[in-house]
Amino acid sequence: MSSVPIRTCIIGAGSSGISTAKVLHERGIAFDCYELSDRVGGNWVWGNKNGVSAAYRSLHINTSRERMQFSDFPMPDHLPDFARHDQVAAYFDAYVDHFGFRNRIVFGTGVSHVEPLAGGFDVTLTTGERRRYDAVCVANGHHWDPRWPEPAFPGSDTTSIEQIHSHSYSSETQLAGKRVVVLGMGNSAMDIAVDASYHARATYLAARSGVHIIPKYVFGRPYDQIAGKEWIPGAVRWPLARLLFKVTTGPMNRYGLPAPDHKFAQAHPTMSSRILDRLAHGAITPKPNIERFDRDTVVFTDGSRVEADLVVYCTGYKLSFPFFDPAFLDPGDSNDIRLYKRMFSTTTPHLYFVGLIQPLGAIMPIAERQSEIIADHLQGLYALPGRAAMETEINRYRASLAKRYVRSKRHTIQVDFDDYMRSLRVERARGARRARGGAGDGLPLVGEIR
């Protein structure tokens with residue numbers, strides 16, 4: 001443990017947590033980072049000992065490495081454009097060692113409770129030890145608390161068919177020789193269905209709604225490198241993308257999938273180059289939503305039925321913060337919390353959230369930029385606007401989500417990567433001006449908190 005005064009607690013050493021730890025380390029801001037596992041990397045560690053990560057053997061990034069890497073630590077050129085989970089995990093390990101803050105991460109220890117107090121936080125560790133901190137950075141991720149179908153399908157409690165959430169999926173050995181139904185149309189559903197198509201006896205992909213599927217390469221280049229620029233506004237980017245995918249992939253019903261009831265970018269799209277190929281080859285049979293279960297049969301909403309051994313629910317995750325009292329913070333069924341710029345609590349000073357967004361792109365560069373703003377705030381170089389202004393910004397953000405996206409719990413924290421990165425850059429400059437002009441939130445510097 002560091003001999004300098006303990007000031008900041010970072011919860012989690014996944015990609016967002018190590019982003020924050022690196023920035024605070026470089027700034028000389030005292031911190032401790034707590035990680036349940038014996039290594040960094042979070043969801044990118046297959047077989048992670050923390051018990052909550054969900055990597056699987058075939059997992060690859062859906063954002064190209066040039067768009068995923070940290071700004072000051074490029075991913076190695078020898079890696080493929082879409083790296084495998086162990087290559088990404090090794091990159092995070094190298095990042096920590098390169099910047100020299102591994103000794104500031106407390107492995108095998110989590111945070112069981114955080115209690116906001118006047119001027120700070122009382123943090124209880126999983127070891128039972130209690131520590132006092134001036135600031136808390138929440139980086140526990142949002143892909144670890146499975147959301148099951150709501151309500152449960154009739155017969156799901158009496159059927160003989162095994163049912164798992166995609167969070168429990170680890171490798172193709174779970175699928176081998178079985179008749180598998182995969183429910184969902186997100187990235188995990190596509191990956192698992194493709195895995196099943198090579199190893200299962202039969203594979204069915206059941207869709208609750210239609211989605212737009214993006215191929216990883218367009219014109220021989222990773223798609224996200226073609227139009228991914230901060231200076232290109234979404235109002236220009238998305239109409240061009242719609243035209244591009246109309247030409248390259250065509251309508252989804254050509255592949256037997258339901259036609260989306262929304263335009264591209266009005267819901268979180270799915271990126272997969274393999275799923276359309278496997279559908280075209282007949283290796284995966286598309287189906288509509290599940291209606292009910294019989295003893296050993298899945299019945300679909302069109303009346304068709306198939307015998308099945310396994311159903312994999314790829315139905316997303318809940319936002320969960322088990323270390324806070326529910327009366328203090330509980331997203332509940334809404335799967336939503338009010339945060340200024342998706343990272344600042346408006347009611348509790350020096351409570352920050354890192355990587356709590358669902359971007360059309362990678363989280364890592366976003367978490368890095370968020371961490372720079374957090375460090376600025378802790379050092380008095382950035383000031384928040386007043387409470388009323390923060391609430392107004394949150395309301396506008398929510399209104400924009402409601403206007404643009406289809407209604408879904410997965411869209412409560414949605415952002416466009418480039419638009420959000422630009423907004424953070426602009427916000428950092430505005431906050432610096434507020435700090436210099438004394439027109440900010442008036443919160444004390446971290447060294448002044450008592």
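Reader: How many residues lie between strand 5 and strand 6 in their hairpin, and which residue in the turn has a positive phi?

Author: This is a predicted model. Strand 5 and strand 6 form a hairpin with 4 residues between them. In the turn, Gly 128 has a positive phi of about 95 degrees. The pairing of strand 5 with strand 6 (residues 130-133) is antiparallel and runs over 4 bridges. One example is Val 123, whose bridge partner in strand 6 is Arg 131.

Reader: Which strand forms a hairpin with strand 5 with 2 residues between them?

Author: That is strand 4, and the turn there contains Gly 119, with a positive phi of about 80 degrees. Strand 4 and strand 5 run antiparallel and are joined by 6 bridges.

Reader: How should I read the two faces of a strand?

Author: In a regular strand, side chains alternate between the two faces of the sheet. For strand 5, Gly 120, Asp 122 and Thr 124 are on one side, while Phe 121, Val 123 and Leu 125 are on the other.

Reader: Are the faces of strand 5 covered or uncovered?

Author: Both faces are covered, as the residues named on either side are all buried. Counted along strand 5 (residues 120-125), 6 of its 6 residues are buried.

Reader: Which residues is Val 114 in contact with, leaving aside its neighbours within four places in sequence?

Author: Val 114 is in contact with Ile 11, Phe 121, Asp 122, Val 123, Val 136, Phe 323 and Phe 324. Of these, Phe 121, Asp 122 and Val 123 were named above as buried residues of strand 5.

Reader: How many salt bridges does a search of the whole structure find?

Author: The search finds 31. In one of them, the side chains of Arg 27 and Glu 372 meet at 2.8 Å, N to O. Arg 27 lies in helix 1 (residues 15-27) and Glu 372 in helix 7 (residues 364-378), so this pair ties together parts 345 residues apart in sequence. Arg 27 is partly exposed, with a relative accessible area of 23%. A network of salt bridges links Arg 27, Glu 372, Asp 376 and Arg 428.

Reader: Where do Asp 336 and Arg 398 lie?

Author: These side chains also meet in a salt bridge, at 2.7 Å, N to O. Asp 336 lies in the loop between strand 21 (317-318) and strand 22 (339-340), and Arg 398 in helix 8 (residues 387-404), so the pair ties together parts that are 62 residues apart in sequence. Asp 336 counts as buried at 19% relative accessibility, whereas Arg 398 is partly exposed at 30%.

Reader: What pLDDT does the protein chain average?

Author: The average is 90, and 94% of the residues score at least 70. Over residues 1-5 the pLDDT is below 50, and this stretch has 8 contacts in the model beyond near neighbours in sequence. Residues 442-450 also have a pLDDT below 50, with 19 such contacts. Where pLDDT is low, the predicted coordinates should not be read in detail.

Key
Residues numbered from 1 in each chain as written. Heavy atoms only, no water. Contact = heavy atoms within 4.5 Å. Buried < 20%, exposed > 50% of the residue type's maximum accessible area, 1.4 Å probe, protein only. Pairing = 2+ DSSP bridges. pLDDT = per-residue confidence, 0-100. Salt bridge = Lys/Arg side-chain N within 4 Å of Asp/Glu carboxyl O.
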